[in-house]
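Please take me through this structure step by step, beginning with a single residue and ending with the chain as a whole.

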Amino acid sequence: MLTAVSSRLVLLDSASLYFRAFYALPESMTAPDGTPVNAVRGFIDTITKVVTDRGATRLVACLDADWRPEFRVAALPSYKAHRVLEGGVEGEEDVPDTLTPQVPIILDVLDAVGIATAEAVGYEADDVIGTLAAREETDPVEVITGDRDLFQVVRDEPVPVRVLYLGRGWAKAELLGPVELAAKYGLPETDAGPAYAGMAVLRGDPSDGLPGVAGIGEKTAAKLVKEFGSLRAVLDAVHDPRDRKLTTRARTALLAAQDYLAVAPTVVNVATDAKVLQDRPDIVPTAPADPDRVEELSRRWGLGSSLPRLLNALERRRS
């Protein structure tokens, strides 16, 4: 049973969520002109759930200003290289043709309803989330995502930061803090977020072009980080001939991957100091910012019951 608190800042990993909506709902959901709007409607429904089920009082839809930032590519050229669109504009992401036109519609809806968006030039949404979470000192923070990369932001102080992971949908959503993250992966509870990032470096992630350390899977990676306390301590032990905790096999694998390990943390660790640009205050509105535009967007794009449900959820916040 997921419980909500009375006041919280909710940060949406927007691209992760609208990609999930796109694949979860049929493309037969279309506007009057035939444009698919399955991702739009699914994303709107997600926000409605966030407002009703999660009790969001503050909400920011975090965006990718750059889905493949130069500083990460410079560190590791393979980073997301397999997702680059062949023959397209340089650096353009290979996105389904029927999803691409839906993203501007989503942004138009957010603007008309009055929900804050945020981005940072040269950074991904993960970095926006990492920065806003690190900056918050008043309310608990809840990150909503279908991406495990953001597990690293969980913490207890100075305010709790939790991740609501939707990898298996809302019905099987997991709410993770340091305790739950440590239990799930066999990590230390102290600094469980950074420990997860260290494990992710060692394990790698083919979906992001991260090779990881050959021969070291998730369980071994977690065991190493837990035993030594941090990725930095693991890497220091590799070059310490007095250390006897590392097996010969692990030491050999880590030495073979030392070029990768020198740059991988730059790629894996989310930024906490990005220059975030936010378009409006993050207070969840109780009425749309532009009712006429909301009505026009709903009619033009055939958004059915999705927008009315969201507006009703917002209105209920008045009481």
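This is a predicted model: local features need pLDDT of at least 70, side-chain atom pairs count only at pLDDT 80 or more; totals for chains, interfaces and linings use all residues.

Asp-191 counts as exposed, because its relative accessibility is 53% and the cut-off for exposed is over 50%. Asp-191 lies in the loop between H6 and H7. Although Asp-191 is not a glycine, its phi is positive, at about 55°.

Another residue with this backbone feature is Lys-80, a residue other than glycine whose phi is near 55°. Lys-80 lies in the loop between helix H3 (70-75) and helix H4 (102-113). Is Lys-80 buried or exposed? Lys-80 is buried, since its relative accessible area is 8% and buried means under 20%.

The loop between E4 and E5 holds Pro-158. The peptide bond that joins Glu-157 and Pro-158 is cis, with omega at about 0°.

Thr-145 stands opposite Tyr-165 in E5. Strand E5 covers residues 161-165, and four of its five residues are buried, so the rest of the structure largely encloses it.

Further along the sheet are E1 and E2. Strand E1 (residues 9-13) and strand E2 (residues 58-62) run parallel and are joined by five bridges. Asp-13 stands opposite Cys-62 in E2.

Ring pairs link Tyr-165 with Phe-151, Tyr-185 and Tyr-196 into a cluster. How many aromatic pairs are there? The count comes to eight aromatic pairs. One of them is formed by Tyr-18 and Phe-19, whose rings are 5.9 Å apart centre to centre with 20° between the planes, so the pair counts as stacked, for which the planes must be under 30 degrees apart. Tyr-18 counts as buried because its relative accessibility is 13%, whereas Phe-19 is partly exposed because its relative accessible area is 22%. Tyr-185 and Tyr-196 form an edge-to-face pair, with 5.3 Å centre to centre and 65° between the planes. This pair links distant parts of the chain: Tyr-185 is in helix H6 (residues 178-185) and Tyr-196 is in helix H7 (residues 192-203), eleven residues apart. Both Tyr-185 and Tyr-196 are buried.

A ring can also face a charge. The charged end of Lys-245 sits over the ring of Phe-228, 4.5 Å from the centre of that ring.

Helix H6 also contains Ala-182. Ala-182 is buried, because its relative accessible area is 6%. When residues up to four places away in sequence are not counted, Ala-182 touches Leu-187, Pro-188 and Glu-189. Ala-182 and Lys-226 are 44 residues apart in sequence, and their C-alpha atoms are 9.4 Å apart in space.

The last step is the chain as a whole. The chain has 13 helices and seven strands. Of its 319 residues, 50% count as buried. Among the contacts between residues at least 6 apart in sequence, 68% join residues at least 24 apart. The C-alpha trace spans about 70 × 50 × 35 Å along its principal axes. What radius of gyration would a compact globule with 319 residues have? It would be near 20 Å, and the chain has 21 Å, which agrees. The chain exposes about 15000 Å², and carbon and sulfur atoms supply 52% of this area.

How values were computed
Residues are numbered from 1 along each chain as its sequence is written. Side-chain values use heavy atoms; hydrogens and water are left out. Rings of Phe, Tyr and Trp (its six-membered ring) pair if their centres lie within 6.5 Å; planes under 30 degrees apart count as stacked, over 60 as edge-to-face and the rest as tilted. Buried means under 20% relative accessible area, exposed over 50%, partly exposed in between (1.4 Å probe, protein chains only). Helices (H or I, at least four residues) and strands (E, at least two) are DSSP runs, numbered from the N terminus. A charge sits over a ring if NZ of Lys or CZ of Arg is within 6 Å of the ring centre and within 35 degrees of the ring normal. The radius of gyration is taken over C-alpha atoms; the globule rule is 2.2 Å times the number of residues to the power 0.38. Contact means heavy atoms within 4.5 Å. Accessible areas come from the Shrake-Rupley method with a 1.4 Å probe; for residues, only the protein chains shown count as cover. Two strands pair if DSSP finds at least two bridges between them.
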